[in-house]
Amino acid sequence: MRVVVQRVKEASVKSDGVMTGQIGAGLLVFVGVEAADGPDDIDWMARKLPQLRIFDDTEGRMNLSIMDIGGGILVISQFTLYGNVQKGTRPSFNHAAPPQIAIPLYDSFLKALEKQMGKPIPAGVFGASMEIAALNDGPVTLFMDTKHKQL
């Protein structure tokens, strides 16, 4: 599982002109699922995200987590995180999980994250074309991969 995490002042997502999720201060999380992902990947990521200390404390140091500030998390599915451009200039997405595998894993991730956060997690529509608006804060952007945790 791969994610790109952005610290935002606000973010929202629309699909077919309908708002499906929005948050104030918090994290905008783009999620890609690989066919090899399973419960351990979901659990690791759902535990790690709410604990990331990337929000400023009173001294302006990144010491606070989303849990500490009471912010929100907006999750967007994004298979293009598994785009491979090693050969040529057109990305290959052969490492992204097909929908029949990705959807249940993505749904499990949302449920695990809701359990960690203790509140509903707004999200985009899996596999849909979406319009995402974000007001980045910092900017602070992190890349995380459950198969390459050192990144």
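Start with the lining of the largest pocket in this predicted model: its residues divide into 13 nonpolar, 5 polar and no charged. The lining holds 18 residues in total. Select S77, Q78, F79, G127 and A128, which lie nearest the pocket's centre. The elements that give two or more residues to this lining are β3 (26-32), β6 (72-77), α3 (99-117) and β7 (130-145). Colour β3 next, as the largest share of the lining, 3 residues, comes from that strand. The volume of the pocket is about 290 Å³.

Now turn to charged side chains. Side chains of opposite charge can pair when their charged atoms come close. The whole structure has 7 salt bridges.

Select R7 and D56, whose side chains form a salt bridge at 3.6 Å, N to O. R7 lies in strand β1 (residues 2-15) and D56 in strand β4 (residues 55-56), so the pair ties together parts 49 residues apart in sequence. R7 has a relative accessible area of 6% and is buried, while D56, at 40%, is partly exposed.

K9 is partly exposed, at 47% relative accessible area. Show the four residues together: R7, K9, D56 and D137 are linked in a network of salt bridges.

Last, go to helix α1 (residues 39-48), where D43 and R47 sit 4 residues apart, about one turn of the helix. They form a salt bridge with closest N and O atoms 3.0 Å apart. D43 is partly exposed at 38%, and R47 is partly exposed at 40%.

Conventions: Residues are numbered from 1 along each chain as its sequence is written. This is a predicted model: local features need pLDDT of at least 70, side-chain atom pairs count only at pLDDT 80 or more; totals for chains, interfaces and linings use all residues. Side-chain values use heavy atoms; hydrogens and water are left out. On a 1 Å grid over the protein atoms alone, a cavity is a set of points where a 1.4 Å probe fits but cannot get out, and a pocket is an open set with protein on both sides within 12 Å along at least five of seven lines; lining residues have an atom within 4 Å of a point. Grid points are joined across faces, edges and corners, and a volume is the space filled by probe spheres set on the points. Ala, Val, Leu, Ile, Met, Phe, Trp, Tyr, Cys and Pro count as nonpolar, Asp, Glu, Lys and Arg as charged, and the others, Gly among them, as polar. Buried means under 20% relative accessible area, exposed over 50%, partly exposed in between (1.4 Å probe, protein chains only).
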